[in-house]
Amino acid sequence: MFLTNKEIQNIPRLKRIHLMNAITGYKSANLIGTVDELGVSNLGVFSSVTHIGSQPPIIGFILRPTTVPRNTYLNIKKTGFYTINSIGADFYKRAHACSAKFDGAISEFEACDLNEEYLDGFLAPFVKESAIKIALEFKEEIHISVNNTILILGQVIHIDIPDKSIMTDGFVDIESLDLVTVSGLDAYYSPQILARLSYARPNQKTEELPHFSAIE
């Protein structure tokens, strides 16, 4: 199948959404937790979370247009804090349910049978079931005019992650945590590592690294 831009634009809306969400491959699957000024918690599913930089540690994610109320966005703007939580194979169905359009007065934690957890006095709620929990402070928003989406940038305040998953060189063994990835809008996968490879340098052969050891 070869599709021109015009042909893509003529695809029925939902089919086009599925197609465009899937052609970039597997994406991270995360739950973003926030709380409003009245203490009502909110939880949303996001597949656009991405590493932006390590010094300072910045993580970004994309918000769809705010032409309708986006509780995640409103809460982040009001409080300045939020959490990013990994989705595990043992609760991905409950996590997926958080993508429903709940009223702002309803907590997705309660509606989708997930447990709130507050750590180290941080304002926003974490998902207790998640293996990786990241606390962030809002730093910047970048408006993308071509489709009215927003890139939200946050600085990592602290991370809660199982000791067993951290290798001696800082590598995180995601596979050991039984996390899921997502493709399209609704397909969840269990990833499996193929190999870790040595740092790529010109005219130097790429070597496979031991999975559970540090880079020399």
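Which residue in strand 11 is the bridge partner of K27? That partner is V182, and the views below put the pair in context.

This is a predicted model, where local features need pLDDT of at least 70, side-chain atom pairs count only at pLDDT 80 or more, and totals for chains, interfaces and linings use all residues. Residues are numbered from 1 along each chain as its sequence is written, and side-chain values use heavy atoms, leaving out hydrogens and water.

**View 1. Here is the whole chain, with five helices and 14 strands.** Helices (H or I, at least four residues) and strands (E, at least two) are DSSP runs, numbered from the N terminus. The C-alpha atoms fill a box of roughly 55 × 50 × 35 Å along the principal axes.

**View 2. Now meet an open sheet of three strands, in the order 1-11-12.** The pairing is antiparallel; two strands pair if DSSP finds at least two bridges between them. Strand 1 (27–28) and strand 12 (187–189) are the edge strands, each pairing on one side only.

**View 3. Zoom in on strand 1 beside strand 11 (residues 181–183).** These two pair in the antiparallel sense over two bridges. K27 has V182 as its bridge partner. In general, strands of a sheet pair through backbone hydrogen bonds.

**View 4. Last, look at what is tucked away: buried residues make up 38% of the 216 in the chain.** Buried means under 20% relative accessible area, exposed over 50%, and partly exposed in between (1.4 Å probe, protein chains only).
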